[in-house]
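The following paragraphs lead through a single protein chain, from its overall make-up to individual side-chain contacts. Please keep the sequence and the structure in view while reading.

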Amino acid sequence: MAAGDSKDMLKNVDWKTVGESSTSTSTTSSSTPIVKKRLPKKMRQVPDYYFMPRLSRPKAFVIYGACIAAGIGAGMLGEIWIKKKIKEDGGVIWEMK
């Protein structure tokens, strides 16, 4: 067990005094300049409309409503066209041969 303790040299170090000793030496000696901590730079905040513009509520309802109605109308027209083709072909979608 004594061999394991000798390998860890930093086990009994007082870490509070290690940080204080480096700051006290820089403040006491007049030849080294005192370095002030800088505040972190301000994060650039990208607005939401940078990627996708925001619409007013009535304009959004009109545009999105028109797109939804167009999709429903296209689906209905496709269904009517499919039913018409099935009637023309005799009512059989596919046959197993």
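Of the 97 residues in the protein chain, 1% are buried, where buried means under 20% relative accessible area, exposed over 50%, and partly exposed in between (1.4 Å probe, protein chains only). This is a predicted model, in which local features need pLDDT of at least 70 and side-chain atom pairs count only at pLDDT 80 or more, while totals for chains, interfaces and linings use all residues. Residues are numbered from 1 along each chain as its sequence is written, and side-chain values use heavy atoms, with hydrogens and water left out.

The accessible surface of the protein chain amounts to about 10,300 Å², and carbon and sulfur atoms account for 64% of it; such areas come from the Shrake-Rupley method with a 1.4 Å probe, and for residues only the protein chains shown count as cover. The chain contains three helices and zero strands, in the order α-α-α from the N terminus. Helices (H or I, at least four residues) and strands (E, at least two) are DSSP runs, numbered from the N terminus.

Consider next the loop that links α1 (2–7) to α2 (15–28), where L10 is found. L10 counts as exposed because its relative accessibility is 53%. Together with M9, W15 and V18, L10 makes a nonpolar surface patch of about 480 Å². Patches consist of residues with over 30% relative accessible area and no salt bridge; like charges are joined within 9 Å, and nonpolar side chains (Val, Leu, Ile, Met, Phe, Trp, Tyr) within 5 Å.

Helix α3 has 32 residues and extends 46 Å from its first C-alpha to its last, close to the 46 Å expected at 1.5 Å a residue; the expected span is 1.5 Å times one less than the number of residues. An unreviewed UniProt entry lists residues 61–82 as "transmembrane region", an annotation of a kind that may be inferred rather than shown by experiment. That span is 100% helix and 0% strand, and its end C-alpha atoms lie 31 Å apart. After α3 comes G90, with a positive phi near 100°.

The whole structure holds two salt bridges, each defined as a side-chain nitrogen of Lys or Arg within 4 Å of a carboxyl oxygen of Asp or Glu. In one, K83 pairs with E79, with 3.6 Å between the closest N and O atoms. These two residues are about one helical turn apart because four residues separate their positions in helix α3 (residues 57–88). E79 is partly exposed, at 45% relative accessible area.

The side chains of K85 and E88 also form a salt bridge, at 3.8 Å from N to O. Both residues belong to helix α3 and are three residues apart, about one turn of the helix. An α-helix has 3.6 residues a turn, so residues three or four places apart point the same way. K85 is partly exposed at 36% relative accessible area, whereas E88 is exposed at 51%.
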